[in-house]
Amino acid sequence: VALYAAYAKRPGLVRYAAVVVAFALGLMAKPMLVTLPFVLLLLDVWPLRRPGIGAPARRSDVAPARGGERGATAPLPWLDKLPLVALVVASSALTLAAQSKGGVVRSLEDLSPAMRVANALVSFVRYAGKLLVPVQQAFYYPYPRELPVAAAAGAAVVLALITWLVVRGRARRPWAFVGWFWYLGMLVPVIGLIQVATQSIADRYSYLPSIGFFIVVAWGVAEWVERRPAWRAGVATVAVVALAACAFKAWAQTAYWRDGITLFTRDTQVIRDNPLGYRNLGVALSDSGRAAEAVTAFTHALARYPKDPVTLYDIGSALEKSGRFEEAEARYRESLSAKPDQPDALYNLANVLNRRGRADEAIETFRTAIRLRPAFAAAHNNLGNALGRRGRADESIAEYREALRLDPNYVEAYNNLGTTLRSAGRLDEAEQQFQRALTLQPGFAAAEFNLGIIALQRGDTAQSRRRFDRAVTLDPALAANLNAIRR
């Protein structure tokens, strides 16, 4: 905007090129800037008052030659926006294509045009309310369950009335006209008419539109005080208190972003009917080892969307971590029933089946996951484990080698391959695999323990003792395995 103001004051090719480059960089950083040409047109009205936008031409609108630039008369304001609009079209097309490919653009069947329009009308008012009174802020605001007809009608009346007032008074209060349409215009790309993801509004979307809103507030208060000089001290005091309160609120709000559990717990407190908030809370709890609490959070999310495959998968994962394998299997199957082509859900289901002693079912399920995702190293590794349990050593070895081809740093696969080779009597090959595992992860206790077994099989008791001692030091749980060997 500063570069544009300099160009508008003294038009020239170099200054205009700087505006175009800055705008291009801005679009790459934040595609929401697509409405900036419209905002610049508003600034032409006020405070720049460029000719061709209802303002008379002035002598200062003709720039004298200086610094190698030829003097030039300012072009019509809408003409110098055309290259910027071309950038907008390109940026919008790329952004929409990327978001569509990522699957985050919602279809009209998923979210009706009536709901989009109603939510957009309400959202213009909601954003303004949150700018004036920033309370009950959340990470995620879901769409309402039902079409907000009354709220949308009320919002439409409010918006129409304010718009009529600022248009009617644009000659006396051009700042109100510019600020109001800045606010409305910059919200248009994110107001939900083209819906990306599932939020009804998002606080982060109001950062740039809020500039226009506060132009109206600042110049409006200044005009009011100018007419009432006795109120100047009182208004200044209120302004200082309001700014201090906002600063404190911002500081308090940052505390909720300390970690995922804190953030999404707050989210579900602010917005009770919040399935995504509960699902995110469940993921955070599960990742922190609090699987039982995660199950409760996921159950809240399922209350609104009982057939959501992602939440069903997540609750299955939390149940698996809690050792509730039968329930986990049921949830994974529900998730796959809703969406069959999920390699991760198939992989987890196969792991549960393997744990439950159903190796043959697990083998087929691992293979289905691999068909959907051929480069699934973990599935190849765990398929090798399942095949090994069924005594199919050659097939097991082949799967471990495929896992290592896909991921040469897969430490567990080296250990598993070594264990299978050792069981087949191929001690030299097995030793190589355990050594590779230790090269990648020097403190890998299982590989140390297995090297101890090989040393023992070769009759090198001193070496085996050193390996076993090191392994048990790294992982005391291996002491039980050592006692079993000694017996």
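**Exercise 1. Charges over rings**

Task: In this predicted model, find the ring that lies under the charged end of Arg204, and the ring whose face Arg373 lies over.

Solution: Start at Arg204. Its charged end sits over the ring of Tyr205, at 4.8 Å from the ring centre. Now move to Arg373, which lies over the face of Phe376, 4.5 Å from the centre of that ring.

**Exercise 2. Two aromatic pairs**

Solution: A pair of aromatic rings is described by the distance of the centres and the angle of the planes. The structure holds 15 aromatic pairs. Then check the surroundings. Phe248 is exposed, at a relative accessible area of 54%, and Trp251 is exposed too, at 59%.

Turn to Phe449 and Phe468. Phe449 belongs to helix α21 (residues 445-457) and Phe468 to helix α22 (residues 461-474), so the pair ties together parts 19 residues apart in sequence. Phe449 is buried, with a relative accessible area of 5%, and Phe468 counts as buried at 5%.

For a further look, find the aromatic cluster formed by Trp180, Tyr183, Phe213 and Phe214.

**Exercise 3. The surroundings of helix α10**

Task: Decide how many residues of helix α10 (residues 260-270) are buried, and which helices they pack against.

Solution: Count along the helix first. Eight of its eleven residues are buried, so the helix is mostly covered. Among them are Ile261, Leu263, Phe264, Arg266 and Asp267. Their packing partners come next: the buried residues of α10 pack against α9 and α11 (275-287). Finish at the start of α10, where a side-chain oxygen of Asp259 comes to within 3.1 Å of the backbone nitrogen of Ile261.

**Exercise 4. Where to be careful**

Task: Find which elements have the lowest and the highest confidence in the protein chain.

Solution: Begin with the whole chain, where pLDDT averages 92 and 95% of the residues score at least 70. Confidence is lowest in strand β1 (residues 62-63), at a mean of 40, and highest in helix α6 (residues 149-168), at 98. Over residues 55-72, pLDDT stays under 50. Where pLDDT is low, the predicted coordinates should not be read in detail.

Definitions and conventions:
Residues numbered from 1 in each chain as written. Predicted model: local features only at pLDDT ≥ 70, side-chain atom pairs only at ≥ 80, totals over all residues. Heavy atoms only, no water. pLDDT = per-residue confidence, 0-100. Helix = DSSP H or I, 4+ residues; strand = E, 2+ residues; numbered from the N terminus. Contact = heavy atoms within 4.5 Å. Phe/Tyr/Trp six-rings, centres within 6.5 Å; stacked < 30°, edge-to-face > 60°. Buried < 20%, exposed > 50% of the residue type's maximum accessible area, 1.4 Å probe, protein only. Lys NZ or Arg CZ within 6 Å of the ring centre and 35° of its normal. Polar contact = N/O pair within 3.5 Å; in protein donor to acceptor, adjacent residues only side chain to side chain.
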